[in-house]
Amino acid sequence: SYWILGTLLGGIFGGLFPFALEGIDFIMTALFTVLLVEHWLANKRHTPIYIGLITSSLVLLIVGPGRMVIPSTLLIITTLLLLRKQIEPQSPLKEDL
């Protein structure tokens, strides 16, 4: 309910305050770069990163930069779901059950 309420309030009051989008492209690039580096350092398996890079690059070449976000996201999610068993590390606790 807090998500719905926040979205509703943002929609109502968002137009009342001026908001400049200058620099948002740099901020989003920096955010995703930090998330990538943190994931790389925290995990020994980098398969999801490689899947994301390869899939996004292929979709970029096929459909171009203006239309790549949704197809690449769907393809990444589908690939990760199909390879889930191979990607997820096996916990010793799961085997004992």
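Let's start with Thr55: at 8% relative accessibility, this residue counts as buried, where buried means under 20% relative accessible area, exposed over 50%, and partly exposed in between, using a 1.4 Å probe and protein chains only. Thr55 sits in helix 3; helices here are DSSP runs of H or I with at least four residues, strands are E runs of at least two, and both are numbered from the N terminus.

Before I go on, this is a predicted model, so local features need pLDDT of at least 70 and side-chain atom pairs count only at pLDDT 80 or more, while totals for chains, interfaces and linings use all residues. Residues are numbered from 1 along each chain as its sequence is written, and side-chain values use heavy atoms, with hydrogens and water left out.

Back to Thr55. Leaving aside residues up to four places away in sequence, Thr55 touches Ser72, Leu75 and Ile76, contact being heavy atoms within 4.5 Å. The Thr55 side chain also reaches the backbone oxygen of Ile51 at 2.6 Å.

Now, which residues make the nonpolar surface patch? They are Val37, Trp40, Leu41, Tyr50, Leu53, Ile54, Leu58, Leu61, Ile62 and Val63, and the patch is about 1100 Å². Patches take residues with over 30% relative accessible area and no salt bridge, joining like charges within 9 Å and nonpolar side chains (Val, Leu, Ile, Met, Phe, Trp, Tyr) within 5 Å. The areas come from the Shrake-Rupley method with a 1.4 Å probe, and for residues only the protein chains shown count as cover. Helix 2 (24-42) and helix 3 (47-63) each give at least two residues, with helix 3 supplying the largest share, seven. One of the patch residues, Leu61, is exposed at 73% relative accessible area.

Next, please look at the loop between helix 2 and helix 3, where you'll find Arg45. Arg45 is partly exposed, at 44%. The side chain of Arg45 reaches two backbone oxygens: that of Gln86 at 3.2 Å and that of Ile87 at 2.7 Å. Among the other residues that Arg45 touches are His39 and Glu88.

That Glu88 brings me to my last stop. How many salt bridges are there? The count comes to one, taking a side-chain nitrogen of Lys or Arg within 4 Å of a carboxyl oxygen of Asp or Glu. Glu88 pairs with Arg84, at 2.9 Å from N to O. Both partners are partly exposed, Glu88 at 30% and Arg84 at 47%.

Notes:
Polar contact = N/O pair within 3.5 Å; in protein donor to acceptor, adjacent residues only side chain to side chain.
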